[in-house]
Amino acid sequence: MSKKTIKDIDINNKTVLIRCDLNVPIKDGNIEDDNRIVKSLETIKYALKHAKHVIIMSHLGRIKNEEDKKKNSLKIVCDRLSDLLGEKVYFCTYDEDIKNVVQNNKIVMLENVRYFDLDGKKESNNDEELSKFYASLADVYINDAFGVSHRRAASTTGVSKYLESAVGFLVEEEINKLSILLNNPEKPFCIILGGAKVSDKIGIISNLIEKVDNIIIVGAMAFTFLKAKGMNVGKSLVDEENIEYSKNLLNKYSDKIILPVDVYVSDKIDSNDKVLKNINEIGNDDIAFDIGPKTIENIDNVLKQTKTVFLNGPAGAFEYDNFSYGTKEVLKSLKNSSAKVIIGGGDSASATIKFGYKNSFYHISTGGGASLEFLSGKDMPGFENIGE
Ligand code: ADP
Ligand code: MG
């Protein structure tokens with residue numbers, strides 16, 4: 001997939017509406033990680049340089065009631081953007097005369113587009129009237145919100161029907177880099193899948209299995225596969241509905257699939273204790289929350305030979321220090337390998353950043369679900385009205 005970018009259309013002296021994904025994590029009124037704002041700067045700065053007026057829009061969280069509105073105002077994001085740009089960004093609520101505000105300011109950020117979800121889910125259901133309203137504010141539209149482009153919404157699919165449209169630099173980079181995995185990744189090509197549920201990853205497995213040389217399965221996912229092999233996984237998380245699927249995959253691709261050989265078990269996720277067990281020693285009451293050192297050694301040996309790696313899903317319950325070992329060690333192995341490493345998935349990206357590997361890899365996708373859908377080979381509705 002290649003799409004027309006902001007450089008391919010004329011934005012000189014025009015009013016440019018940019019849809020960003022500024023859905024940053026906020027805790028106790030503070031932005032925990034401004035990565036998504038930082039990643040949006042390139043397109044915003046380019047627009048500021050060439051356009052007459054720039055309008056930024058984004059969602060933040062989900063809006064189901066008035067209380068959500070208070071919690072998820074974009075004002076705090078607007079202030080951070082002003083700081084990062086070194087230029088005042090006018091924050092515009094929907095009570096103001098937006099067109100007038102735009103005429104009087106170089107750069108304006110609109111309030112959270114999902115405020116319109118309180119009125120019949122208009123934003124998230126791609127409402128026609130709302131799409132036309134967004135379009136009425138500008139001359140051209142730029143979609144730079146990769147993270148929401150796997151869904152049809154008024155601020156992505158809808159508005160782009162009514163304005164000359166292109167993608168921004170963030171989306172261009174996501175498409176170009178993720179496409180490497182779909183087209184011709186340098187071999188050997190390995191994917192590491194972890195995280196919670198097998199069902200989330202079936203699309204990716206189906207789309208990539210023929211292309212990969214190895215598929216390393218860690219995280220809670222591994223226990224569905226181990227159970228499918230007839231092993232005792234105790235009380236570890238198992239995706240019962242996908243045991244059959246896992247069995248078939250193991251039968252067909254046994255030479256490609258690598259599973260844990262040792263794990264750390266405990267009786268609860270927030271426990272400070274853990275016991276290292278070989279994979280055939282898991283007891284009926286054990287819950288495995290992390291992978292062990294022998295598994296790490298196996299993974300490290302594979303990664304040493306690998307040229308391209310896609311990682312999706314943490315190797316353990318990394319949010320708990322006691323079970324973060326495997327996730328950290330996999331990241332360390334990846335960093336020490338000479339492979340081109342691409343990381344996708346919301347939790348995987350936050351683990352990568354949390355453990356200090358923000359600048360260590362070829363690409364960390366800003367799109368959680370979006371990167372998974374893109375790599376599953378699905379259409380991206382957010383880009384469907386944007387030309388090639
Ligand atoms: P991503 O967002 O990167 O796609 P997922 O959402 O699939 O990843 O999975 C992340 C979650 O999986 C994390 O919350 C992590 O705690 C959990 N997880 C990983 N391994 C285990 C395990 N062995 N037992 C329980 N939860 C696990
Ligand atoms: Mg997740």
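**A walk through the predicted model**

Tyr162 is partly exposed, with a relative accessible area of 29%. In this predicted model, Tyr162 sits in the loop that connects helix 6 (154–158) to strand 8 (164–167). Beyond residues up to four places away in sequence, Tyr162 touches Glu128, Ser131, Lys132 and Ala135. Asn35 lies 127 residues from Tyr162 in sequence, and the two C-alpha atoms are 30 Å apart in space.

Gly194 belongs to the loop between strand 9 and helix 8. Its relative accessible area is 0%, and a residue under 20% counts as buried, so Gly194 is buried. Apart from neighbours within four places in sequence, Gly194 is in contact with Lys201, Val218, Gly219 and Met221, as well as with Asn312, Gly313 and Pro314. Gly194 and Ile216 are separated by 22 residues in sequence, while their C-alpha atoms are 8.3 Å apart.

The largest nonpolar core has 47 residues, and the members that touch the most others are Phe146, Ile191 and Ile215. Several elements each supply at least two residues of this core: among the helices are helix 7 (169–182), helix 8 (202–208), helix 9 (221–228), helix 10 (243–253) and helix 14 (369–375), and among the strands are strand 9 (189–193), strand 10 (214–217) and strand 12 (262–266).

The protein as a whole contains 14 helices and 17 strands. Its radius of gyration is 23 Å, close to the 21 Å that the globule rule gives for 388 residues, so the protein is as compact as a globular protein of that length. Along the principal axes, the C-alpha trace spans about 70 × 45 × 35 Å. Of the 388 residues, 56% are buried. Among contacts between residues at least 6 apart in sequence, 72% join residues at least 24 apart.

The surface and the charges complete the account. The accessible surface of the protein amounts to about 16,800 Å², and carbon and sulfur atoms contribute 43% of it. The protein carries 52 positive and 57 negative charges, whose mean positions are 2 Å apart.

Key:
Residues numbered from 1 in each chain as written. Chains lettered and ligands numbered in written order. Predicted model: local features only at pLDDT ≥ 70, side-chain atom pairs only at ≥ 80, totals over all residues. Heavy atoms only, no water. Helix = DSSP H or I, 4+ residues; strand = E, 2+ residues; numbered from the N terminus. Rg over C-alpha atoms; globule rule 2.2 N^0.38 Å. Buried < 20%, exposed > 50% of the residue type's maximum accessible area, 1.4 Å probe, protein only. Contact = heavy atoms within 4.5 Å. Areas by Shrake-Rupley, 256 points an atom, 1.4 Å probe, with all protein chains shown as cover. Lys, Arg positive; Asp, Glu negative; His and termini not counted. Charge placed at Lys NZ, Arg CZ, Asp CG, Glu CD. Core = buried A, V, L, I, M, F, W, Y, C linked by side-chain atoms within 4.5 Å.
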